[in-house]
Amino acid sequence: MATLASPAPRSGSAAFFRRRQRALRLMTVPALVVIAAVIVFPWLFTVYMSAFDWKIGTVAHFVGLDNYVGLAKNQRFLEAIVHTFYFTALAVVVPLILGTIAALLFHREFRGRGVLRAIFTMPMMATPVAVALVWTMMFHPQQGVLNYLLTSVGLPPSLWVYSPTFVIPSLVMVEVWHWTPLVMLIVLGGLASLPTEPYESARLDGATEWQLFRHITFPLVLPFLMVAAVIRTIDAVKAFDTIYVISQGGPGTASETINLYLYLQAFAFYNIGNASAVVVVFFAIILALALLLLHVRQRTKWSG
Amino acid sequence: MATTLPSADVPVALPRRPRRWTLRRIARKAGFAFAVAVIVSPAILVFLWMLSLSLKNELDNSSYPPIFIPSQPTFANFLHVFADNSMGLYFLNSLIVSGGATLVALAVGIPAGYGIARLQAHRTTVLVLIARMTPALSFLIPLFTVFQYLGLNNTLTALVITHLVITVPIVVYIMAGYFETLPRELEEAALIDGGSVLATFRYVALPLARPGVVVGTILAFIFSWNNFVFGAVLAGRATRTLPAAVYNVLTFEQLAWGPLAAAAIVVTLPVLLLTIFIQKEIVAGLTAGGLKGG
């Protein structure tokens, strides 16, 4: 499948060339074996198991598409899809906006920029479970530091993750804190690659800062924003650690996303057949979202 | 700050006044500083609060309004999590699992990255993107079932194998990208002089690729270290990785905030220290999957 685009070797020996290709292909074999075992096999197994009614410890029955039909009628699963989209929409849009603002700030030169940028990007690499623990304590309605901050500026305290209405926005807050730095770094990379000429001529014509941003910076950075949007969407749809640690999908099922529902089906009820069907549907949703965004991204691409 | 001069044929119409400390300018500077402070403070404050919680005794931690500076700083919380929650054992487990999975990934991933780069088989990196899009839990269900069958559940071996899901794609991706950037002339010269492909890889390409190997190693290690769900599902009491163990501190000691914060610091500090070495390459790692900017 791999075609070689480089010029033919000067020695002119086709046998030499073929031997080289074969050796290179052999070098990829160990990795392919590992990938087949831990990545491709699970995919195939999942699709296969989704056609069975099987709990661990029982005999598997072939049920065809029944698991999928069941999911389509499953109120709890359908609600989980809604929660996932709600969470994802917020957890993509807010970091994109804040990340762009942060990138515009860090694009300027000022004293202490390097240190402050390093501090700003720290959350991104922090272990999600550790982050989730700290936020769990901050969200505490009676003793949490967040309610202290709210009341000290005269606002009413909130129930945060203990309220069915606020649980998803609260979880998004953690996600925003965690991942805005990644958006910032992607956009900052975009800003660094911008040409300077359009700005100079626009300034000569007396354009305001806002006009510069709206008509030059934003369109030029848009492709980078789309990259950030694709990555953020994939990660937000799959968010698990913080939700699982902070709210376990609760209160009730108010913050139960597809991934949380999947976890319960698989590892609390050991309902492998049904969970496998959830995985297939879930992957289809992720793929559809990614393709949609890649399509949009293709259309925003600038040539040059 | 070097503002490029307009080219010669444009009439220079910039009679810039010498900058003075006018009120307007001071206001703008203050506004900018304020904006930077607002955007940076959540990052620093959460970490400081974590540190503050870990260094306070339970009395300070349960007081309201909260105490920010510990009245009597103490390391008791750290001692507690190591003594009573066997953090030392879990730390070692995490080192073995992430270290093992990273070593295997390097062993298979570096040659594969070289092969992909020199065969120009760019399409194979699409696999990395798809692997990234697949929810981690979906790898877990089949692997869990197989490990159950083989009696491997609750073993570190099972965890190392599962963590290959994370480490192999990232190493292959980073190494393929890095070998691409190396000049081919040296390798071709070695090949023409009769060196085998393997020898060329070993003695010419590999030494040049050392920086790429460092980045791949650190990224693979960090992503594996940060993973929670594999350890939470597959590990037994004695084989938990750090994130899974720390989560257990939460469930058993609901309101012991000091030990919780100390445990959180023990998990995440090694990662934060490692990132200092690869500030720039982190973005490449986190966006892995062929989505290069632009």
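**Figure 1. Separation of the two domains of chain B.** In this predicted model, the C-alpha centres of domain 1 of chain B and domain 2 of chain B are 33 Å apart. The domain assignment places domain 1 at residues 27-74 and domain 2 at residues 80-286 of chain B.

**Figure 2. Contact between domain 1 and domain 2 of chain B.** Seven residues from domain 1 of chain B and seven residues from domain 2 of chain B take part in the contact. On the side of domain 1 that touches domain 2, helix H1 (23-55) and helix H2 (58-61) of chain B supply at least two residues each. H1(B) gives the most to this side, with three residues. By class, the domain 1 side comprises two nonpolar, three polar and two charged residues.

**Figure 3. Interface between chain A and chain B.** The contact involves 79 residues of chain A and 80 residues of chain B. Helix H1 (residues 14-49) of chain A contributes 17 residues, the most of any element on the side of chain A that touches chain B. That side of chain A consists of 61 nonpolar, 12 polar and six charged residues.

**Figure 4. Fold and dimensions of chain A.** Chain A contains 12 helices and two strands, arranged along the sequence as α-β-β-α-α-α-α-α-α-α-α-α-α-α. Its radius of gyration is 25 Å, well over the 19 Å given by the globule rule for 304 residues, so chain A is more spread out than a compact globule. The C-alpha trace of chain A spans about 80 × 75 × 30 Å along its principal axes.

**Figure 5. Burial and contacts within chain A.** Of its 304 residues, 41% count as buried. Among contacts in chain A between residues at least 6 apart in sequence, 71% connect residues at least 24 apart.

Methods:
Residues are numbered from 1 along each chain as its sequence is written. Chains are lettered from A and ligands numbered from 1 in the order in which they are written. This is a predicted model: local features need pLDDT of at least 70, side-chain atom pairs count only at pLDDT 80 or more; totals for chains, interfaces and linings use all residues. Helices (H or I, at least four residues) and strands (E, at least two) are DSSP runs, numbered from the N terminus. The radius of gyration is taken over C-alpha atoms; the globule rule is 2.2 Å times the number of residues to the power 0.38. A residue is buried if 20 or more other C-beta atoms lie within 10 Å of its own, exposed if 12 or fewer, and partly exposed in between; C-beta atoms are placed from the backbone. Two residues are in contact if their C-beta atoms, placed from the backbone, lie within 7 Å. Ala, Val, Leu, Ile, Met, Phe, Trp, Tyr, Cys and Pro count as nonpolar, Asp, Glu, Lys and Arg as charged, and the others, Gly among them, as polar. Domain bounds come from an automatic or database domain assignment.
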